[in-house]
Every structure is written in structure tokens, then in C-alpha cells.
Amino acid sequence: MALGDAILACLTERPMTGYELAKTFDSSIGFFWKADHQQIYRELSKLRERGHIHGREVVQTGKPNKLVYTLTAEGKAAFRHWAARPSTPAQIKDDLLIRIYALDAVDVEPLRADLMARLEHHRDRYERYERILKKRFPLNTALPADLGKLLGLRIGMRYERMVAEWCEEAITALSAIQDTANVVQLDAATRERTGSTE
């Protein structure tokens, strides 16, 4: 997937300015596809050159004029073509997991501090998703046009909760290795959550 595809996805909802697109990335699509504001504005120029979007200037009084971007017929066709292709499963690239992998060769205290920070990060994101869910979908139902947004929120919440639980498990395991030189056994509840029978 390219950033342009994510921008086209946003514009299927409604015409938006570059600022509105950037805010949409900050509050929704950006949870799954990161882009900063400069990248979004650069990509908008490329999409215009390809004829996938049209920018209409809106004159404003007392402030600079703004460009409102709309999908063109070519842009809609390009997005539909992209959306019909098979997706690529996400690959994890996380330096924390590399440190965990080489646990016997790293200092435990900085690793524990890193895990605590990650735990807070994922708890905060879970709570943010939860606030959005309660505000936009208070009955946990959606009209067909918004079903994809609801499903995205739900997988986001599950992911954040799962990673937070794993961080808690890892922090507990690190405490255990400091208390003993013996083999560390994960508790039964952890084994049930992970489906392990060992």
C-alpha cells in the first residue's frame, strides 16, 4: 500500500482540505498507516499530477484561501483497482522484540523501563480507541457506510489490549529472572491466553 491509496480512501468519505486530511490521519487512518503532514501534502501534489484528485480553491475572508480536494473519476477507478488486489499481511519490525530475543545479553533495568513505557503507550491508545468508539458508535452498531470504521476500531482495540497484556507478562517475567537463576515459567492464565500447553 502507498500513502496515496490511504489518501484516496479518506477522500471516498467526502472532499477535504489538506489540513482536514492530516487531521483525519491523526485521528483515524493514521492508527493503521502513519504519515506526517508534510508527507500528506507532497502526496496530494502527486495525486493531482496523476489526475486522481482535483483541487478547488475556496476563497476565504480574513485568512488564506484553501484548496478542497475531491476524487476524480480516474481517482475512484484507481482506488477501486487498488482495493481489489489481495492485501499483504503486516510484518512486525520492532526493536524491543529483538532486545527481548537477546535477553541474556542486555541489561534488564532499561528493558523493564522500556516495557513500562510501552505498556502505558498501548493502554493510552486503547483508551483513545474506546473514547472514539463510545462517541461515534455508542450502540456498537454502524450504518453500512461506517461499518469499516467500526471494524477498524474494534481490531485496533483488540490489538492494543493484547500488546498491553503481553507487556505485563514480560515485566512479570523480567522480575522473575532477577529473583532466581532457574527457569522462568509463565503463569497458567498467561498460557491460557496464548493457547500454550507447555
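This is a predicted model: local features need pLDDT of at least 70, side-chain atom pairs count only at pLDDT 80 or more; totals for chains, interfaces and linings use all residues.
On the side of helix 2 the contact is made by Gly-18, Tyr-19, Leu-21, Ala-22, Phe-25 and Asp-26, and on the side of helix 3 by His-37, Ile-40, Tyr-41 and Leu-44. By class, this contact comprises 7 nonpolar, 2 polar and 1 charged residues.

In soluble globular proteins, nonpolar side chains tend to be buried together. The largest nonpolar core of the model has 18 residues, and those with the most contacts inside it are Ile-7, Leu-11, Leu-21, Phe-25, Ile-40, Leu-44 and Ile-53. Two or more residues are given to this core by each of helix 1 (3–11), helix 2 (18–27), helix 3 (37–50) and strand 3 (66–71), and the largest share, 6 residues, comes from helix 1. Apart from this core lies another, of 11 residues, which includes Val-108, Leu-111, Val-163 and Leu-174.

When residues up to four places away in sequence are not counted, Ile-7 touches Leu-21, Phe-25, Ile-40, Glu-43, Leu-44 and Leu-47. Among these partners, Leu-21 and Phe-25 of helix 2 and Ile-40 and Leu-44 of helix 3 also take part in the contact between helix 2 and helix 3.

Terms used:
Residues are numbered from 1 along each chain as its sequence is written. Side-chain values use heavy atoms; hydrogens and water are left out. A nonpolar core is a set of buried Ala, Val, Leu, Ile, Met, Phe, Trp, Tyr and Cys residues joined through side-chain atoms within 4.5 Å. Buried means under 20% relative accessible area, exposed over 50%, partly exposed in between (1.4 Å probe, protein chains only). Helices (H or I, at least four residues) and strands (E, at least two) are DSSP runs, numbered from the N terminus. Contact means heavy atoms within 4.5 Å. Ala, Val, Leu, Ile, Met, Phe, Trp, Tyr, Cys and Pro count as nonpolar, Asp, Glu, Lys and Arg as charged, and the others, Gly among them, as polar.
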